[in-house]
Amino acid sequence: MRQSAGSGEQWPTFSPSTAHHPNHRSLDRQRRLYHRSSSSFGSGSSIGNRTKRFLLLLGIFLLFSITLISLGRQIAARFGSGGSKRLRRSERYDNVTAGSIAATIDPETASRESTEATDRAAHAAAALVDTLDAARDAADELRRVAAAAAHKKRVADRASAAAAAMAAKKRMTGPDGATEIATVRERKVKLGDGSETSFSVFGRSDEDVSVFVLPYDTKGKTFTLIEEYHPGPDSKMVGLVAGMFEPKHGGSPEKAAVWELSEEARLKMDEGTSQLIAMAPDAKGGFSQDKYSSAHFRPFLALDCVEDDRPRPRDREEDITIHRDVTPNDLRRMLRDGRLNMPSTAFALMGLAWLEDNNLL
């Protein structure tokens with residue numbers, strides 16, 4: 001007998017003496033089957049182990065699934081009936097509420113209330129439209145007020161500028177009752193030795209300009225002069241047409257000269273024959289009045305003027321007498337007699353010299 005390895009079983013050993021054993025063939029078949037199965041299990045032990053593990057995991061999974069199913073059924077049995085009851089109770093409440101509300105509604109009342117609500121909405125819409133219209137009207141009125149305010153501001157600015165110009169003139173009344181207009185400013189100056197001093201300067205501003213005009217008729221060889229009251233010497237004196245350059249004159253000394261011709265001498269420039277000639281075109285800014293004055297003078301000759309039948313109005317204080325047909329000799333005699341003030345004397349002499357140089361005397 002031979003023992004199979006690892007099995008503990010005894011199998012008869014094949015030998016010549018057992019060849020004629022009556023169970024020889026069956027024994028031999030059993031031995032071959034045994035050896036075949038033993039070799040299979042011996043070489044495929046890893047496959048058998050995997051199979052066992054798979055079967056074990058499958059059993060655990062089935063057990064867990066069964067447990068979950070049982071637990072779900074218990075939860076459904078406990079809470080399902082309560083939820084159904086609450087749902088049925090809510091449905092009954094809704095049915096009761098809807099029924100009670102429907103029972104209390106009167107169709108006519110509901111229609112009337114709906115109409116009233118519509119009317120109220122229409123009134124509210126109309127009120128809103130009225131409010132918008134009123135707001136638009138208020139905006140238009142505000143624009144008109146703003147435009148009027150802007151216009152008033154412009155007028156006020158012009159009035160303020162005029163008041164400032166008038167404030168620049170200082171009115172002083174003397175013991176004899178005479179009144180003159182003057183503006184006095186203090187001007188500080190640094191001297192050559194480094195010290196400073198101040199001077200009183202007379203004049204409206206550093207741009208203070210006056211025009212002097214000497215009218216002359218080249219055909220008649222005569223001048224036109226004016227005579228008026230001079231508050232400084234407190235007497236009437238003869239002089240040239242003159243006036244301060246003001247904004248009303250139109251922006252240039254030439255226009256101011258034409259303006260003063262019309263206002264004081266009642267003359268105007270004829271477009272075809274008259275000429276306005278600057279006697280000192282190279283004098284920058286004109287001639288300074290004197291040492292302590294900021295005023296400047298611009299002298300002109302006005303040739304061949306004609307009478308102005310619509311002259312400009314004079315200032316209230318201007319009391320003027322016009323002297324026409326003054327010959328050159330008459331003018332020279334007046335100059336020698338001191339009947340003209342100093343600026344008029346200087347510019348009359350310049351005019352005589354210019355006319356003589358141009359062979360017009």
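This is a predicted model: local features need pLDDT of at least 70, side-chain atom pairs count only at pLDDT 80 or more; totals for chains, interfaces and linings use all residues.
Residues are numbered from 1 along each chain as its sequence is written. Local features need pLDDT of at least 70 and side-chain atom pairs count only at pLDDT 80 or more, while totals for chains, interfaces and linings use all residues; side-chain values use heavy atoms, with hydrogens and water left out.

**Overall make-up**

The protein chain has 6 helices and 16 strands. Both are DSSP runs numbered from the N terminus (helices: H or I, at least four residues; strands: E, at least two). Of its 361 residues, 22% count as buried. Buried means under 20% relative accessible area, exposed over 50%, and partly exposed in between (1.4 Å probe, protein chains only). The accessible surface comes to about 25400 Å², and 57% of this belongs to carbon and sulfur atoms; areas come from the Shrake-Rupley method with a 1.4 Å probe, and for residues only the protein chains shown count as cover.

**The β5–β6 hairpin**

Strands β5 (residues 184–190) and β6 (residues 196–202) run antiparallel and are joined by 7 bridges. Two strands pair if DSSP finds at least two bridges between them. The hairpin has 5 residues between the strands, and Gly 194 takes a positive phi near 95°. Lys 188 stands opposite Ser 198 in β6. Ser 198 touches Glu 186, Arg 187 and Lys 188, not counting residues up to four places away in sequence; contact means heavy atoms within 4.5 Å. Ser 198 and Glu 186 are 12 residues apart in sequence and 6.3 Å apart in space, C-alpha to C-alpha.

Val 184, Val 189, Leu 191, Phe 199, Phe 202 and Tyr 292 make a nonpolar surface patch of about 470 Å². The elements that give two or more residues to this patch are β5 and β6.

**Helix α4**

Helix α4 covers residues 253–265; at 1.5 Å a residue its 13 residues should span 18 Å, and its end C-alpha atoms are 17 Å apart, which agrees. The expected span is 1.5 Å times one less than the number of residues. Because 10 of the 13 residues are buried, α4 is largely enclosed by the rest of the structure. Among the buried residues are Pro 253, Trp 259, Leu 261 and Ala 265. Just after α4, Arg 266 takes a positive phi of about 60°.

How values were computed
Patches are made of residues with over 30% relative accessible area and no salt bridge: like charges are joined within 9 Å, nonpolar side chains (Val, Leu, Ile, Met, Phe, Trp, Tyr) within 5 Å. A salt bridge is a side-chain nitrogen of Lys or Arg within 4 Å of a carboxyl oxygen of Asp or Glu.
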